Amino acid sequence: PRVIEELMESGCLGRKSGKGIFMYGGSSKGGARQVNPVAEQILSRYRVAGQQPPAGEDVQWRTYLRSVNEAALCLQEDIIANPVMVISVSYFGIGHCPQRGGPFQFLDTYGADRFVGKMRDYQEKLGFRFEPAQIVQDYAKSGKKFML
């Protein structure tokens, strides 16, 4: 995105350059960081008027829905052969709770139709990143389950 290009062009390269979104100085860890005024100026040009930071539960939904959608895209694009293949990655790779069964079990219990609806709500507000995977849309229409 253009905002990243502008940050890089202005020398806001992160910790190694001493400045990124934040200013980096003497201590390497902990404590509050000063916001880099150059980065703040660049970022301010990309803010949407009236947009509020998301609430805690909203952040959780936005993050989790996108990860579930990515798992569905992996199945859709034949990156994984079946939903079971993603279960161990969910447990050991990203710390998904084993009692919940992984992203495809979530789709089955939450409902593919509800998932598609929630993704579309976010898509209207936040854009294409929340477009539900076609395979989930198909399962929502047919009532088919991923794990059964």
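Where does Gly 50 lie? Gly 50 sits in the loop between helix H2 (37-44) and H3, in a predicted model where local features need pLDDT of at least 70, side-chain atom pairs count only at pLDDT 80 or more, and totals for chains, interfaces and linings use all residues. Residues are numbered from 1 along each chain as its sequence is written, and side-chain values use heavy atoms, with hydrogens and water left out.

Overall layout comes next. The protein chain has seven helices and zero strands, with helices (H or I, at least four residues) and strands (E, at least two) taken as DSSP runs numbered from the N terminus. Read along the sequence, that gives the pattern α-α-α-α-α-α-α. The radius of gyration of the protein chain comes out at 20 Å, well over the 15 Å that the globule rule gives for 148 residues, so the chain is more spread out than a compact globule. For the record, that radius is taken over C-alpha atoms, and the globule rule is 2.2 Å times the number of residues to the power 0.38. Along the principal axes, the C-alpha atoms of the protein chain fill a box of roughly 55 × 35 × 30 Å.

Of the 148 residues, 30% count as buried, where buried means under 20% relative accessible area, exposed over 50%, and partly exposed in between (1.4 Å probe, protein chains only). Among the contacts (heavy atoms within 4.5 Å) with a separation of 6 or more, 49% come from residues 24 or more positions apart. On the charge side, there are 19 positive and 15 negative side chains, and the centres of the two sets lie 7 Å apart. Lys and Arg count as positive here and Asp and Glu as negative, while His and the chain ends are not counted; each charge is placed at NZ of Lys, CZ of Arg, CG of Asp or CD of Glu.

H5 is mostly covered, with six of its eight residues buried: Pro 103, Phe 104, Phe 106, Leu 107, Asp 108 and Tyr 110. What do these buried residues of H5 pack against? They pack against helix H3 (56-76), helix H4 (85-93), helix H6 (112-126) and helix H7 (134-142). Just after H5, Gly 111 takes a positive phi of about 105°.

The structure holds seven aromatic pairs; rings of Phe, Tyr and Trp (its six-membered ring) pair if their centres lie within 6.5 Å, and planes under 30 degrees apart count as stacked, over 60 as edge-to-face and the rest as tilted. One of the pairs, Trp 61 with Tyr 110, is tilted, at 5.4 Å centre to centre and 45° between the planes. This pair links distant parts of the chain, as Trp 61 is in helix H3 and Tyr 110 in helix H5, 49 residues apart. Trp 61 is partly exposed at a relative accessible area of 22%, whereas Tyr 110 is buried at 15%. The rings of Tyr 64 and Phe 106 have their centres 5.0 Å apart and their planes at 80°, so this pair is edge-to-face. Again distant parts of the chain are linked, with Tyr 64 in helix H3 and Phe 106 in helix H5, 42 residues apart. Tyr 64 counts as partly exposed at 21% relative accessibility, and Phe 106 as buried at 14%. Put together, Trp 61, Tyr 64, Phe 106 and Tyr 110 form one aromatic cluster.

Asp 78 is in the loop between H3 and H4 and has a positive phi of about 60° although it is not a glycine. Most residues other than glycine have a negative phi. Asp 78 counts as exposed, at 68% relative accessibility. Back at Gly 50, the relative accessible area is 68%, so that residue is exposed. Gly 50 and Arg 114 are 64 residues apart in sequence and 28 Å apart in space, C-alpha to C-alpha.

The loop between H4 and H5 holds Gly 95 and also Cys 97. Gly 95 is exposed at 56% relative accessible area, while Cys 97 is partly exposed at 33%.
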